[in-house]
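Take a look at the model below. Then try each question before you read its answer.

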Number of protein chains: 2
Amino acid sequence: MSETTLDVVAIGNAIVDVMAHCEDALIEELGLVRGGMTLIDTEGANSLYARMGQATEISGGSAANTLAGLAALGAKCGFIGQVAEDQLGEIFAHDIRSGGIAFTTEAREGNPPTARCLIFVTPDGQRTMNTYLGASQYLPAAALDLDMIASAKVLYLEGYLWDPEEPRAAMRQAIDAARKAGRKVAFTLSDAFVISRHGDDFRALIEAGQIDILFANEVELASLTGEDDFDAGIAALAPKVPTLVVTRSEKGAVAVVDGTLTQVPAEPIAKVVDTTGAGDLFAAGFLSGHVRGLEVAKCLKLGAICAAEIISHMGARPEADLEALTAQVA
Amino acid sequence: MSETTLDVVAIGNAIVDVMAHCEDALIEELGLVRGGMTLIDTEGANSLYARMGQATEISGGSAANTLAGLAALGAKCGFIGQVAEDQLGEIFAHDIRSGGIAFTTEAREGNPPTARCLIFVTPDGQRTMNTYLGASQYLPAAALDLDMIASAKVLYLEGYLWDPEEPRAAMRQAIDAARKAGRKVAFTLSDAFVISRHGDDFRALIEAGQIDILFANEVELASLTGEDDFDAGIAALAPKVPTLVVTRSEKGAVAVVDGTLTQVPAEPIAKVVDTTGAGDLFAAGFLSGHVRGLEVAKCLKLGAICAAEIISHMGARPEADLEALTAQVA
């Protein structure tokens, strides 16, 4: 097995988040899936945007957010994802590169435009996401940098990208490349509705031993295993993946590694401003410890600190100095 | 004189702000004009953006920010400004309209793209702006909605837009239209460097009695009058404009109306996060009182409250409920 030059390579949606605060009544009125991620088409995006108040644009994308956190923690990273040749694509590319992350996927010419996610943030800090996938769904397998994938300790994949056909095929090919090179494959289940569409695929990947590190939240765990009880869900899933990490919002998180369960409480936080990216940044913290070979308890602690930082402000890209925030853990 | 249907119509740059935090050392290294507004060309914009960290995009533009504040305070407003037919133009148009502001200037086809302002915010909250004017500089006089201008109590103009030739001509025509309709003309001096380029024009407009309400900060007052002493500057300028409003950062603000000087202290604030838009929102608060016929002291107080809100967060568009914040003043 050759030396690795990168810590984590991720494949994910290349999305710019369009974020606005709103009252709970608007979520009701618009019939949005509160707290969830709903795919929308061009028409849906236009009509929803017209109902949105003054917004802020911040680069997003689940796996891209995780990489931004990892890079801020000193990890060497590469990103693979599809933007269009437009202004939002330039913004996404600028922001991911500004963290020192290698991003070489060529922008796609013509329509559709770069993906955007219209995010409504209610007064309780909960985010309701409506994603227009745009160019992101056309990531072709040909765009994969297989050498880059083989050069990284961990390949990280987001479940969100399992919806569109081309990226799904690309991710399957990437898993093969990573495993052939002896690398680890990490996967985040992303969303309960994604699992309702692709749970069979995910369960098959897990049963086939293709996933080394699996990230989920409580709802996704229940959705994937069919077990409403948390402990029953853990008991059903943990034996099938070497490392299972489950986040539980204010109840903290657990990891089960080779049968041993470790827990961490949530980090205290003054006020939850916006939960967008909480899971993404938990994964960033956890993986940053993992690639440095830290013990599981420390990996979980790093995840909890990063998640607390991201929910203390709008947007899913870290604002505080994560290295300073986590200095006492490493 | 016919009835008015709008409170304020503004002509200004149609800009999207690209904002990032940075250390003081970067301002030095890049040779930026700390606290100022510098015009940059395409090449300058690209090279500067490449040095910028993870950024956030928020609609901006001085007069547009003022209107956003005015609309949030319940005023009826219209905006005239030039975007290009691109994604940043759509973002700008969405955000200004989301506040209920009439914006009918048609997007301009082809190059250059919509204006953007690269804003570096240092740890003290000071903003250093670098503006790529793009399409904004091509606002033609033909784009003016003269009926809309004639229908508003106040025409509000930003000095920043005096740099490019076409909008300058458009603004002169707008002043004529407003005055012929018996409306008031308000003008903000915007920036000391703008005054160093166009001070003669500004002084001529003032001497000719074309400006009813003039907004400046201390540095701009000194630049326009040539008087370094604040009181001497006020004494020189106040007799030439019916209403002179000068903001003094943490020292508050003064207004001189028909020879009578009124002062207001700055509103207390926990932490200055980002000074972008402080003057714009002061003007919003002041004008919102003015169009309602409130006494000067109340207009100043409204300005101080709105300025305090805007410097407490990133970006120059209000986040808090300005009507609630100012309820005790009206």
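Predicted model: local features only at pLDDT ≥ 70, side-chain atom pairs only at ≥ 80, totals over all residues.

Q: Which element gives the most to the side of chain B that touches chain A?
A: The contact joins 20 residues of chain B to 20 residues of chain A. On chain B, β4 (56-59) and α4 (87-98) each supply at least two residues. With six residues, the element that gives the most is α4(B).

Q: How many residues of the side of chain B that touches chain A are charged?
A: Sort the residues on this side by type. Eight are nonpolar and eight are polar. The charged ones number four.

Q: Which residue in β4(B) stands opposite A:Glu57?
A: Strand β4 of chain A covers residues 56-59. It pairs with β4(B) in the antiparallel sense, over three bridges. Opposite A:Glu57 stands B:Glu57.

Q: Why is strand β10 of chain A largely enclosed by the rest of the structure?
A: Check both faces of the strand. A:Lys184, A:Ala186 and A:Thr188 point one way, A:Val185 and A:Phe187 the other way, and all are buried. β10(A) is largely enclosed because its buried residues number five of the five.

Q: Which residue stands opposite A:Thr188 in β10(A)?
A: Look at strand β9 of chain A, residues 152-158. It runs with β10(A) in the parallel sense, and five bridges link the pair. The residue opposite A:Thr188 is A:Glu158.

Q: Are α8(A) and α9(A) parallel or oblique to each other?
A: Helix α8 of chain A spans residues 218-225, and helix α9 of chain A spans residues 230-237. Their axes come within 9 Å and cross at roughly 60°. That angle makes α8(A), relative to α9(A), oblique.

Q: How many residues of the contact of α8(A) with α9(A) are nonpolar?
A: α8(A) brings A:Glu218, A:Leu221, A:Ala222, A:Leu224 and A:Thr225, which meet A:Phe230, A:Gly233, A:Ala236 and A:Leu237 in α9(A). Two of these contact residues are polar and one is charged. The nonpolar ones number six.

Q: How many residues of helix α3 of chain B are buried?
A: The helix runs over residues 62-72 and is mostly covered. Its buried residues include B:Ser62, B:Asn65, B:Leu67 and B:Ala72. Out of eleven residues, the buried ones number eleven.

Q: Which residue just after α3(B) takes a positive phi?
A: Go just past the end of α3(B). The phi there is about 100°. The residue is B:Gly74.

Key. Residues numbered from 1 in each chain as written. Chains lettered and ligands numbered in written order. Axes fitted to C-alpha atoms, helices over the stretch in contact; angles between N-to-C directions. Helix = DSSP H or I, 4+ residues; strand = E, 2+ residues; numbered from the N terminus. Parallel < 35°, antiparallel > 145°, perpendicular 65-115°, else oblique. Contact = placed C-beta atoms within 7 Å. Nonpolar A, V, L, I, M, F, W, Y, C, P; charged D, E, K, R; others polar. Pairing = 2+ DSSP bridges. Buried ≥ 20, exposed ≤ 12 C-beta atoms within 10 Å, placed from the backbone.
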